[in-house]
Amino acid sequence: MQDTLHLSSAAAAITPLPLQNPNFPSIPRPKHLQLPPHSSTKPPTISLPANPAPLPISPATPENSQIQEIILYLDSLGVDSFHCLHSHPPLISTPVSQIQSTVDFLLSLGVTVHDLRRIFPMCPELLTSPTSATVIRATTFLLREARVAAADLRRVIHRRPRLLTCSVERQLRPALYFLQGTIGIEDVSRFTFLLSCSVELKFIPRIEYLQKLGFSYRDTIVMFRRFPSLFCYSIKENFEPKFDYFVVEMGRDLKELVAFPHYFSFSLENRIKPRHGMCVEKGVCLALPTMLKLSEARFRGRLEVCCSSSAPVRTSPLWNTSINTHGDDVT
């Protein structure tokens, strides 16, 4: 009781502070900023259960465990596992034992682990292709039918690993027969990268396109035989712009392309246009191999020689410029 009276008298002795400072006049609050009147309503209380249940944690599924094994195995080889999984989703459901079988087979062929780091991201389908039914059969085809030397097999796989994922009956053998029989390429082992191309979707459309440009069927076949890589070039992005420039701007004869189809392998903006422009400026017309194959220094030197010398007479051996069909010798 005495404690209560003592607290009451102490409270009464405290002088309340003024709400406003007399030296600073009060500024009334605008109506749109006035706070609503204080409500005496209490917020609802939330009662927690006496024994809250823990959140459920999903156990590791066999699928997640398999993906982890794939990632760990590929990472141990230094292969970009995330790129392979992202670009080829079927890899997720591939047993690790199958991947190991393919890796072991490739290593037995002389392919190195360093090669695998390029091969698998380039062709992740190889990781999901059945080893016995597809990979080994394709390898046997390359050695026995395409006549690839055992010493060259690693180079062939390194350049075009997709070959080992192709069906022998539906893809590899038809392409081989077309290149040998129709085009007349005797040694297809030099152009094994073409064996993974479709005859119907790749080879025939390009032959038909060159015929539409005015080449005879015979000349078209000759062009592809002299330069088989021509099959790999895009019609829209390569053939069309380069052929238009050849005919419209350069005004040259189609026979030159038959003799030197390698023209389509040179950059239009970085090689063909600049060098043709320099020839026009100097008033010189060079053979296509001379104009395109020489290094920059040798090309400029050839221009200077042509400009500083007089034109040969018709009886001179220099009058006719020979063109090597394979583009090896430039005169």
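I took helices (H or I, at least four residues) and strands (E, at least two) as DSSP runs, numbered from the N terminus. With that rule, I found S81 in helix α3, which covers residues 81-87.

**Ground rules.** This is a predicted model, so I kept to its limits: local features need pLDDT of at least 70, side-chain atom pairs count only at pLDDT 80 or more, and totals for chains, interfaces and linings use all residues. Residues are numbered from 1 along each chain as its sequence is written, and side-chain values use heavy atoms, with hydrogens and water left out.

**Entry 1: S81.** I looked up burial for S81. Buried means under 20% relative accessible area, exposed over 50% and partly exposed in between, with a 1.4 Å probe and protein chains only. S81 has 1% relative accessibility, so S81 counts as buried. For neighbours I used contact, meaning heavy atoms within 4.5 Å. Leaving out residues up to four places away in sequence, S81 touches I71, L74 and D75. I also checked S81 against R117: the two are 36 residues apart along the chain, and their C-alpha atoms are separated by 9.8 Å.

**Entry 2: helix α4 by itself.** Helix α4 runs over residues 96-108. The expected span of a helix is 1.5 Å times one less than its number of residues. For the 13 residues of α4 that gives 18 Å, and the end C-alpha atoms are 18 Å apart, which agrees. Which residues of α4 are buried? I noted V96, I99, T102, V103, F105 and L106. A reminder to myself: an α-helix has 3.6 residues a turn, so residues three or four places apart point the same way. After α4 comes G110, with a positive phi near 105°.

**Entry 3: α4 with α5.** My axes are lines fitted to C-alpha atoms, for helices over the stretch in contact, and angles run from 0 to 180 degrees between N-to-C directions. Helix α5 covers residues 113-122, and α4 packs with α5 at an angle of about 125°, with their axes 10 Å apart. That angle makes α4 oblique to α5. The classes I used: under 35 degrees is roughly parallel, over 145 roughly antiparallel, 65 to 115 roughly perpendicular, and the rest oblique. The crossing of α4 past α5 is right-handed. By convention, a crossing is left-handed if the near helix is turned anticlockwise from the far one by less than a right angle, and right-handed if clockwise. V103, L106 and L107 of α4 meet V113, L116 and F120 of α5. By class, this contact of α4 with α5 holds six nonpolar, no polar and no charged residues. For those classes, Ala, Val, Leu, Ile, Met, Phe, Trp, Tyr, Cys and Pro count as nonpolar, Asp, Glu, Lys and Arg as charged, and the others, Gly among them, as polar.

**Entry 4: α4 with α7.** Next I turned to α7. It packs with α4 at an angle of about 15°, the axes being 11 Å apart, and α4 and α7 are therefore roughly parallel to each other. Here too I noted a right-handed crossing of α4 past α7. Q98, S101, T102 and F105 of α4 meet T131, V135, I136 and T139 of α7. This contact of α4 with α7 divides into three nonpolar, five polar and no charged residues.

I then picked out F105, which sits in helix α4. Is F105 buried or exposed? F105 has a relative accessible area of 16%, so F105 is buried. Not counting residues up to four places away in sequence, F105 touches T131, V135, I136 and T139. F105 and T131 are 26 residues apart along the chain, with their C-alpha atoms separated by 8.0 Å.

**Entry 5: R147.** I looked up R147 in the loop between α7 (131-144) and α8 (153-159). R147 is not a glycine, yet its phi is positive, about 60°. At 65% relative accessibility, R147 counts as exposed.

**Entry 6: helix α11.** In α11, residues 217-226, I noted T220, I221, V222, M223 and F224 as buried. What covers them includes α9 (168-183), α10 (199-212) and α13 (254-259).

**Entry 7: α14 with α16.** Helix α14 (residues 268-282) packs with helix α16 (residues 296-308) at about 15°, with their axes 11 Å apart. The two are therefore roughly parallel to each other. R275, M278, C279 and K282 of α14 make the contact with E296, F299, R300, L303, E304 and C307 of α16. I noted five nonpolar, no polar and five charged residues in this contact of α14 with α16.
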